[in-house]
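Here's a quick tour of a model, from the whole chain down to a couple of residues. Take a look at it first.

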Amino acid sequence: MLQSGGTRTVAELAERLGVDGRTVRRYVGQLIDLDVPVESVRGRYGGYRLGPGHRLPPLMLSDDEALAVLLGLVAGRRTGLGTAGRTASETASAKIRRVLPRQVARRLDVLLDSLAFTDRPGEFDTPDADVLLTLADAVGHRRPVAMRYTGGDGRRSERTLHAYGIVAHAGRWYVTGQDAAGGEDRTFRLDRIADARTLPGSFEPPEGADPAQRVVSGFATAEYRYEVALRIQGTTEQIRARLPASVATLEEADEGWLRVRILAEHLDWLPPVLASLDRPFVIETPDELRTLTTEFAARLTSYAGHP
């Protein structure tokens, strides 16, 4: 709009972009930060204009590139992995659509309109973008980071973390690392972190640190109401198809059998999962699961007996 010539008022820019005047001024500030010579014109007919002789480079995306960018934005928003809420993702999508060739834009719109997602949009809280970028910088440069954290019980604490990595898991963002105060490995939800800032100094992460594995194993070993112990005949691949690492831990038992440990708040979901494995299994504990599985088997038998 600016490079089309002339001076554009804040009101005109705001109306064309569908935003308020404050947002227009923020956009102008961002262009100036990118060394685009935007000039401010004072007076009754003042506003903004582009410095003489400067043209913004066009956005050149192939069909595949445009599809990759837009699908990433849509999927991130719909699965709860956006970093600044729905608005930023939607405005970014709109800007990309606006500069695409009409034929490409129409094809992409048809595709996006036909998509369906099993996850409900807006189900999870999203982290602050500054927090995410600060933690990423701390991970990349191996620098300690100070932060304020609000736990699930609402209690707030000041922490210093030696962060190993950032992990997206099941619709949420997590950071994993060593809590400097206690020396323990911890995992924190990013949407519960505030005022993150890097500190002087550096640290060495432990040998073979795998942030993603730490997160999923942390879920599998957290404290829950029931501790389930099973023995299942089958391979690791067969069992992991229904009981991933975030749900169960596996270890070798007798030949051809694996010992499975699951921590769960509820047990009613387990009998159908065990049935879907279609593998011999033995329930060691708890007795409640044995009862639920017997009742589930009886219901299946009664359903199969009806015409």
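## The chain as a whole

The protein chain has 10 helices and 11 strands (DSSP runs numbered from the N terminus: H or I of at least four residues for helices, E of at least two for strands). Bear in mind that this is a predicted model, where local features need pLDDT of at least 70, side-chain atom pairs count only at pLDDT 80 or more, and totals for chains, interfaces and linings use all residues. Residues are numbered from 1 along each chain as its sequence is written, and side-chain values use heavy atoms, with hydrogens and water left out.

Of the 307 residues, 31% count as buried (under 20% relative accessible area, with exposed over 50% and partly exposed in between, using a 1.4 Å probe and protein chains only). The accessible surface comes to about 19,200 Å², and carbon and sulfur atoms own 50% of that (Shrake-Rupley method with a 1.4 Å probe). Take the contacts (heavy atoms within 4.5 Å) between residues at least 6 apart in sequence: 59% of them join residues at least 24 apart.

## Where helix 9 meets helix 10

Helix 9 (residues 270–277) packs against helix 10 (residues 287–305) at an angle of about 65°, and their axes are 9 Å apart (axes are lines fitted to C-alpha atoms over the stretch in contact, with angles from 0 to 180 degrees between N-to-C directions). From helix 9 come Leu 270, Pro 271, Pro 272 and Ala 275, which meet Leu 289, Leu 292, Thr 293 and Phe 296 of helix 10. That contact splits into 7 nonpolar residues, 1 polar and no charged (Ala, Val, Leu, Ile, Met, Phe, Trp, Tyr, Cys and Pro are nonpolar, Asp, Glu, Lys and Arg charged, the others, Gly among them, polar).

Thr 293 sits in helix 10. Buried or exposed, what is Thr 293? Thr 293 is buried, at a relative accessible area of 14%. A polar atom of its side chain lies 2.8 Å from the backbone oxygen of Leu 289. Leaving aside neighbours within four places in sequence, Thr 293 touches Pro 271, Phe 281 and Ile 283.

## Glu 227 on strand 8

Over in strand 8 (residues 226–233) you'll find Glu 227, which is partly exposed at 48% relative accessibility. Its C-alpha atom is 6.0 Å from that of Ile 262, 35 residues away along the chain. Beyond four places in sequence, Glu 227 is in contact with Arg 261, Ile 262, Leu 263, Thr 285 and Pro 286.

With Arg 261 there's also a side-chain to side-chain polar contact, at 3.2 Å (a pair of N or O atoms within 3.5 Å; within protein, one must be able to donate a hydrogen and the other to accept it, and residues adjacent in sequence count only if both atoms are side-chain atoms).
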